[in-house]
Amino acid sequence: MTAPIPKDIPDLPAIPGMPVPQSSLVPATAVVTPVRRPLVAAYRLLIALAAAAAVTVDLWLGSPARLLSHFTIQSEILLAAVFTLQARRAWTARHPLPSSWTGATLLYVTIAGSVYHLLLTDAASPFSMTGTTPLTGWQWTANQILHTAIPAAVLLDWLLLTPPGRLHLRQTATWMLYPLTYLAFSLARGELLPAGTPARYLYPFLDVDAHGYRNVLADALLLGLAFCALAALLVAVDHTRPDLIRHRGKTGFRL
């Protein structure tokens, strides 16, 4: 007659000299096979082409050296490159770009659109540029694409076509390096250009001639804090929004 086998067998003590196996965390993207998403690829390529076309029109009709110094133009060039790579990866069923890249692009384009609509074109803003010569024709069209259509399209891509939970709060410090570098570049550019040069300072809140360094740096600090809050908000929303891609996969509908 054999003794009954106990239900709970205690863990055996480790044998001296034997290595203890280490558990490893494998990300889901390493085991889930990516699928081709041709409609997503087409949408992202369309965004990249629209950004590139609007930047080209601006450079063709204006001063390339001055326009390339704008935050909006620089962020749109970055967006065109990132979304072209994203479109290629969606078309060829490859893993998406790191979230540090896509999150930075999302933040910079959102900053450009927000500053334009809340500070530069709002008549109630102390930095409003509504009194300047209005843009017309192709310049007006390109301006609306860069500051309104592209930010809206990028936000829709993030909310509807990108898996949630990929952005992280630790990434926001790295994202803020570019706005900080741009502030230094803009102030240095203004100092190097002769006094009286048109558009010596590209944005009213960075105009040292009109406001002085003390006020400009104070405004820059407030804007920097607002940008940090915006970055944190994007991360928070990214971790609370529903996973629409997984839901579409379960229902048989996939973009």
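This is a predicted model: local features need pLDDT of at least 70, side-chain atom pairs count only at pLDDT 80 or more; totals for chains, interfaces and linings use all residues.
**Entry 1. Salt bridges**

I began with the charged pairs. Side chains of opposite charge can pair when their charged atoms come close. I found three salt bridges in the structure.

I then looked up where each partner sits: R44 is in helix α2, residues 38-61, and D157 is in helix α6, so the bridge ties together parts that are 113 residues apart in sequence. Are the two partners buried or exposed? R44 has a relative accessible area of 4%, and I noted this residue as buried. D157 has 5% and is buried as well. The cut-off for buried is under 20% relative accessible area.

Next I looked at R200 and D209. Their side chains form a salt bridge with an N to O distance of 2.9 Å. How accessible are R200 and D209? R200 counts as buried at 11% relative accessibility, whereas D209 counts as exposed at 54%. I wrote D209 down as exposed because the cut-off for that class is over 50%.

The remaining entry on my list was R241 with D238. Here too the side chains meet in a salt bridge, at 2.9 Å from N to O. Both R241 and D238 are buried.

**Entry 2. Helices α5 and α9**

I turned to a helix pair. Two packed helices are described by the angle between their axes and the distance between the axes. I looked up both values for α5, residues 99-120, and α9, residues 208-240: the axes come within 11 Å and cross at roughly 130°.

How are α5 and α9 oriented to each other? I recorded them as oblique. The reasoning is that angles over 145 degrees count as roughly antiparallel and 65 to 115 as roughly perpendicular, so an angle between those ranges is left as oblique. I also noted the handedness: α5 passes α9 in a right-handed crossing.

**Entry 3. A nonpolar patch**

I then checked the surface. Which residues form a nonpolar patch there? They are W60, L61 and W138, and together they have about 480 Å² of accessible area. I followed up W138, which lies in helix α6, residues 137-161. W138 is exposed, with a relative accessible area of 64%.

**Entry 4. Positive phi values**

I looked at backbone angles in two loops. A93 has a phi near 60°, which is positive although the residue is not glycine. I placed A93 in the loop between α4, residues 71-91, and α5. A93 is partly exposed, at 23% relative accessibility.

A199 also has a positive phi in a residue other than glycine, here near 55°. I found A199 in the loop between α8, residues 177-192, and α9. Its relative accessible area is 33%, and I noted A199 as partly exposed.

**Entry 5. I77 and A51**

I77 counts as partly exposed at 40% relative accessibility. How far apart are I77 and A51 in sequence and in space? I noted 26 residues in sequence and 7.3 Å in space, C-alpha to C-alpha.

Note on methods
Residues are numbered from 1 along each chain as its sequence is written. Side-chain values use heavy atoms; hydrogens and water are left out. Patches are made of residues with over 30% relative accessible area and no salt bridge: like charges are joined within 9 Å, nonpolar side chains (Val, Leu, Ile, Met, Phe, Trp, Tyr) within 5 Å. Accessible areas come from the Shrake-Rupley method with a 1.4 Å probe; for residues, only the protein chains shown count as cover. A salt bridge is a side-chain nitrogen of Lys or Arg within 4 Å of a carboxyl oxygen of Asp or Glu. Helices (H or I, at least four residues) and strands (E, at least two) are DSSP runs, numbered from the N terminus. Buried means under 20% relative accessible area, exposed over 50%, partly exposed in between (1.4 Å probe, protein chains only). Axes are lines fitted to C-alpha atoms, for helices over the stretch in contact, and angles run from 0 to 180 degrees between N-to-C directions. Angles under 35 degrees count as roughly parallel, over 145 as roughly antiparallel, 65 to 115 as roughly perpendicular and the rest as oblique. A crossing is left-handed if the near helix is turned anticlockwise from the far one by less than a right angle, and right-handed if clockwise.
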